[in-house]
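Open the model in your viewer and keep the selection tool at hand. The tour goes from one selection to the next.

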Amino acid sequence: MIETKHFFNLPLYLKKGIIYKLGGGWLFTPKPRVVVFPVNDRCNSRCIMCNRWKKEIKKEISIDKIREVFSNNLFSNVKQVNIHGGEPTLRKDLAQIFKIIQDSCPKLNQMWLSTNGLNPNRIKKRVKEIFDAIDFKKIKFFPISVSIDGSKKTHEKIRGVNGGFDQAVETIHLLKQFKDSYPIEVSISTVLQPLNLYQIHEIEKVAENLSVPIYFIPLMLDSFFNIDKNSDIIFSRDDLYVLREIIDTKFIKKTSLTSLYWNDFLQQMDGTRRKIPCAFDRYVISLYPTGEILPCARKGWIIYGNVYDNNVDRIWFSSEAKRVRKRMKKEVCPTCNNMCQIEFTLEEEFFTYATYYFKKKIIAPVLPFNLKGSN
């Protein structure tokens, strides 16, 4: 998070911001700096907001193919890797995957893991295997998010697994045992949707009782999650009113990077186009378990290529990738309200957050009272 002390590094942020503006296919296509890797489609959860678990598994990228892909020099500038699924801990070779990625990314300093929290003992085992395999002299921060989407009854309705709530809570307790030895942050991740929208206080209480931070994520409707039309996940007019109140009272009062995202989210609810930047068109590479290379999965046509057909660097710098980026920025990005990698993006792009911070911290305090609340 960028706060006052970070502005002492103003020249560095200005440099990063200028490079960000020049990249993304305008003057050049930079190498990726973030890897998003859903390592499998297999999942032991049955979430109502995701049909990934219903897919027929035709192919799952092998450890040898993963090693081949990441041996490419394309990943020499990668700083962050986000591992998810499916449920990633269902892969017995998960520690090998982390090790291969770390060995292939010399600038890597953050590795993220997301889990649904089911089968706590297996998750603890996998995490211990990962920690034994990687070098924490290089990894400065290792967040692990566990999904909890409401009170026990609501969580289990959303996730479709009886006993899932208690398992997720037990998983958090087990993972917290690693905190004394490793630079990890165990947190709760909550997907905001109609079924839990009225339980924000209860979910926050769960996090408070577990002494872990909680991060709220708006429901994402895209081709990756392949969601069917389902009345349980469609916001009604009353739901949208409550969502607006929650955002206004809880999420945008501070000057954090995520508060800027939620501020823009509110404006998009009023029909404006997205104003905050997104790094997925230039800095984020997603490798899917069937070999596709893409930036994000908002639409089914957003695919650069497949590592079974070509080398990953040729895919990334290809004319097809440039065509997809151009179309994506024109047809998808202006109305996208996903928060994926928002903190990374705002730190890299700099200018948007600097303007927001200046208005909130410098200008707003000296404005007449009746103008302070304006955005």
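Which residues does Phe-131 touch, not counting residues up to four places away in sequence? Select Phe-131 and look around its side chain: the residues in contact are Phe-136, Phe-142, Ile-144, Phe-178, Tyr-182 and Ile-184. Keep in mind throughout that this is a predicted model.

Phe-131 belongs to the largest nonpolar core, which has 94 residues. Another core lies apart from it and has eight residues, including Ile-48, Cys-50, Leu-219 and Ile-233. As a general point, nonpolar side chains in soluble globular proteins tend to be buried together.

**Helix α7**

Next, select residues 200-210, which form helix α7. Colour Ile-200, Ile-203, Val-206, Ala-207 and Leu-210, the buried residues of this helix. Turn the view until you look down the axis of α7: the buried residues fall within an arc of 120 degrees, so they line one face of the helix. The general rule is that an α-helix has 3.6 residues a turn, so residues three or four places apart point the same way.

Now show what surrounds that face. The buried residues of α7 pack against α6 (164-176), β5 (184-192), β6 (214-218) and α8 (237-251). On the face turned away from the buried side, find the exposed residues His-201, Glu-208 and Asn-209. Then step past the end of the helix to Ser-211, where phi is positive, near 55 degrees.

**Salt bridges**

The structure holds 21 salt bridges. Start with Lys-16 and Glu-348, whose side chains meet at 3.6 Å, N to O. This pair links distant parts of the chain, with Lys-16 in helix α1 (residues 10-22) and Glu-348 in helix α12 (residues 342-349), 332 residues apart. Are these two residues buried or exposed? Both Lys-16 and Glu-348 are buried.

Go on to Lys-128 and Asp-132, which form a salt bridge with their closest N and O atoms 2.8 Å apart. These two are four residues apart in helix α4 (residues 120-133), so about one helical turn separates them. Lys-128 has 35% relative accessibility and therefore counts as partly exposed.

Select Arg-282 and Asp-281 next; their side chains meet in a salt bridge of 2.9 Å, N to O. Arg-282 is buried at 11% relative accessible area, and Asp-281 is buried at 4%. Finish with Arg-42, Glu-60, Arg-91 and Asp-93, which salt bridges with shared partners join into one network.

How values were computed
Residues are numbered from 1 along each chain as its sequence is written. This is a predicted model: local features need pLDDT of at least 70, side-chain atom pairs count only at pLDDT 80 or more; totals for chains, interfaces and linings use all residues. Side-chain values use heavy atoms; hydrogens and water are left out. A nonpolar core is a set of buried Ala, Val, Leu, Ile, Met, Phe, Trp, Tyr and Cys residues joined through side-chain atoms within 4.5 Å. Buried means under 20% relative accessible area, exposed over 50%, partly exposed in between (1.4 Å probe, protein chains only). Contact means heavy atoms within 4.5 Å. The arc is that of the directions from the helix axis to the C-beta atoms. A salt bridge is a side-chain nitrogen of Lys or Arg within 4 Å of a carboxyl oxygen of Asp or Glu.
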